[in-house]
Amino acid sequence: MHSSVSAILAPQNWPFSLECLPKPAYMVGGAVRDAILGRNREYWDLDFVIPSDAVQVARAIAKRYQAGFVLLDAERKIARVVFPQATADFAQQEGNSLETDLHRRDFTINAIAYNPHTQEIIDPLQGCADLQQGLLRMVSPANLKDDPLRLMRAYRQAAQLNFTIEPNTQNTIRALASHLNTVAAERVRTEIGYLLASPQGTPWLTNAGKDGLLLYFCKNATTASFDKLAAVDTAAAILAPQFGAELQQYVRDTVKTTWLGIAKLACLVDSNPEVAELELQELTYSRAEIRAVTTALKLFPQLKSIDKSIREQYFLFQEAGNVFPVVVLLAVAQDTLVEAMSGDKSLLVYSPLISRYLNPDDLVAHPTQLVSGKELMLALNIPASPVVGELLTEIAIAQAEGKIATATAAIEFARKMLES
Ligand SMILES: Nc1ccn([C@@H]2O[C@H](COP(=O)(O)OP(=O)(O)OP(=O)(O)O)[C@@H](O)[C@H]2O)c(=O)n1
């Protein structure tokens, strides 16, 4: 085990030279944990513990490599150096010894240190044994209480590593669940973000909900809300072969998050979009994310009935915009869960709409403008007013219905509308 750990953690793989570090200096945290598991990381997020002058060490490295420098915590003396492909955090050792520092951490598997100068592993809490057994074991109940975000980290890391939470730790987490209330919403949101965004996160998010950890995060979530999470994963799997990649990409490009994340968040918040909006604002979600969740909540129940007129479809696409993929995802989830509809049948219902959405030349989903409002006002000699907007909408619908195709025809169409 040892030589492979040294190979993964070798300073040649770091963004800076070993000589920059004082002796002793220790690597800790996720990089060491993952190296012992034999996992190479794509992105290096290195954590170092330095007995003294940690911030000065970080500053010197940042200067030497012209990397970014961020003082993360002046009091506890923690600084980050940001390289193009990696970050390195330098923290002053807590207490008089490395062992004391390791005893203040969250879980035994995260309390293993590696001395890069001697290639020695320091494991006073038997974290390596827990790694081998795939167990998340708290260092102590007091440590979980000290920073209750650690309660949520347990679920996130269990999902990410495919581990289980050791029973005593699990009971302590349940008993301390209400303490999560004292943690800043942004920090909890980050941990939950991972659980929302991937299918591996679903069982752990459900466990977190059942263990009372989401009581303060999503006040209105119920057991039924947790059942919907798995249905969203099923829906994504149903859509995946034919449309999945493209639909996902749209959401990633525009809302800057995953469609699973938005759809699952929609399952956890109140089903009334107005109440959901307030909840999400409190949780400090971005405007784009809030709009995505509330729009999806509002539109997905109507989706099945929207297969009739071009007009209805036009308004659906206008309102959904870049959130349309999430609307479909929730509609398919609802079909499989509530109506026990087969994936194939559900897909058949929405395929025409999805195909329109994915076709950039489809005028119902992606209307082009035959005339501008200004041109219309000039041609018809009318003042600026909401009427102009209404006429433009009717022109777009008529174009989508194939009734008109040129600017002249559009103006004539509008003239007739005004006269009637
Ligand atoms: N609330 C926290 C956050 C971090 N840590 C300690 O600080 C290390 C580094 O934290 P971080 O970089 O946030 O997480 P990692 O464990 O490195 O792993 P991941 O990439 O999975 O977040 C952790 O391993 C753990 O020892 C802790 O005890 N309590």
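Predicted model: local features only at pLDDT ≥ 70, side-chain atom pairs only at ≥ 80, totals over all residues.
The ligand is surrounded by 15 residues, of which Gly30, Asn110, Asp147, Arg150 and Arg156 are the closest. By class, the shell around the ligand holds no nonpolar residues, 5 polar ones and 10 charged ones.

| Residue | Part of the residue | Ligand atom | Distance |
|---|---|---|---|
| glycine 30 | polar backbone atom | oxygen | 2.8 Å |
| arginine 105 | side-chain N or O atom | oxygen | 3.0 Å |
| arginine 150 | polar side-chain atom | nitrogen | 2.8 Å |

On its own the ligand has 570 Å² of accessible area, and the protein covers 78% of it.

The ligand sits in the largest pocket, which has a volume of about 1600 Å³. This pocket is lined by 42 residues, and the closest to its centre are Asp47, Asp89, Arg105, Asp106 and Arg153. Helix H7 again gives the largest share, with 7 residues of the lining, while the lining as a whole divides into 10 nonpolar, 10 polar and 22 charged residues.

The second largest pocket has a volume of about 240 Å³, and its lining comprises 8 nonpolar, 1 polar and 3 charged residues. Among the residues that line this second pocket are Leu180, Val188, Phe217 and Glu282, and both H9 and helix H13 (273-282) supply at least two residues of its lining.

Technical notes:
Residues numbered from 1 in each chain as written. Heavy atoms only, no water. Near = heavy atom within 4 Å. Polar contact = N/O pair within 3.5 Å; in protein donor to acceptor, adjacent residues only side chain to side chain. Areas by Shrake-Rupley, 256 points an atom, 1.4 Å probe, with all protein chains shown as cover. 1 Å grid on protein atoms, 1.4 Å probe; cavity = no way out; pocket = protein on both sides within 12 Å on 5 of 7 lines; lining within 4 Å. Sits in = over half its atoms within 2 Å of the grid points. Nonpolar A, V, L, I, M, F, W, Y, C, P; charged D, E, K, R; others polar. Points joined across faces, edges and corners; volume = space filled by probe spheres on them. Helix = DSSP H or I, 4+ residues; strand = E, 2+ residues; numbered from the N terminus.
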